[in-house]
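Colleague: I would like to learn how to read charged pairs and nonpolar cores in a model. Please take one feature at a time.

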Amino acid sequence: MAAVLAIAFTAFGYQLRPIIHVEPSHSVGSNEPSPTPIVSGDVPEAYLGSWTVTISNAVGKNTRSLVIKQGRIGDDVLILVADGPTTGDTYHCVFTAPLSAAPSGGRLELGPSTVTSGTPAASCSPGGSSTLTLTSGNALRRTTDSGETLTYTR
């Protein structure tokens, strides 16, 4: 019985072989470079990466961390994490926003943000469209359609 099962599993494995694709592994210390995916898109390289800002209000200090990633128009290229205190508690919200237009005049236009997660959920609300602009001193200014402006640094 065991021999029959072994033969059956071997035959089944050969049937799956064209479906299963295993990338060749590189040994540690190998001089060969590891393949890295190249993602092309519409976001200029200077915008890409992580940016942060700390803001204060009556309850305390709040942090905003955003990541700009490569993408095309319509792709989510902004991930924003907002953390801070509330009266007697804290909040943690994560948002995404899509690239809404090709970059022009040194600006990136983003569509409305959506909430991807939040605790407590009532503390997180989707936002409107916004514009990203690089400033002197390696900073990034984000201006929302409601006029709120924050300047982030790396």
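Modeller: Start with one side chain. This is a predicted model, and in it arginine 107 has a relative accessible area of 39%, so arginine 107 is partly exposed.

Colleague: Which residue does arginine 107 form a salt bridge with?

Modeller: The general idea is that side chains of opposite charge can pair when their charged atoms come close. Here the partner of arginine 107 is glutamate 109, with 2.7 Å between the closest N and O atoms. Glutamate 109 is partly exposed, because its relative accessibility is 21% and buried would mean under 20%.

Colleague: How many salt bridges does a search of the whole structure find?

Modeller: The search finds 2.

Colleague: Which residues have the most contacts inside the largest nonpolar core?

Modeller: In soluble globular proteins, nonpolar side chains tend to be buried together. The largest such core here has 22 residues, and Leu66, Ile68, Leu140 and Tyr152 have the most contacts inside it. At least two residues of this core come from each of β1, β2, β3, β4, β5 and β9.

Colleague: What is leucine 140 in contact with, leaving aside neighbours within four places in sequence?

Modeller: Its contacts include Leu66, Ile68 and Tyr152, and also Tyr47, Trp51 and Leu150.

Terms used. Residues are numbered from 1 along each chain as its sequence is written. This is a predicted model: local features need pLDDT of at least 70, side-chain atom pairs count only at pLDDT 80 or more; totals for chains, interfaces and linings use all residues. Side-chain values use heavy atoms; hydrogens and water are left out. A salt bridge is a side-chain nitrogen of Lys or Arg within 4 Å of a carboxyl oxygen of Asp or Glu. Buried means under 20% relative accessible area, exposed over 50%, partly exposed in between (1.4 Å probe, protein chains only). A nonpolar core is a set of buried Ala, Val, Leu, Ile, Met, Phe, Trp, Tyr and Cys residues joined through side-chain atoms within 4.5 Å. Helices (H or I, at least four residues) and strands (E, at least two) are DSSP runs, numbered from the N terminus. Contact means heavy atoms within 4.5 Å.
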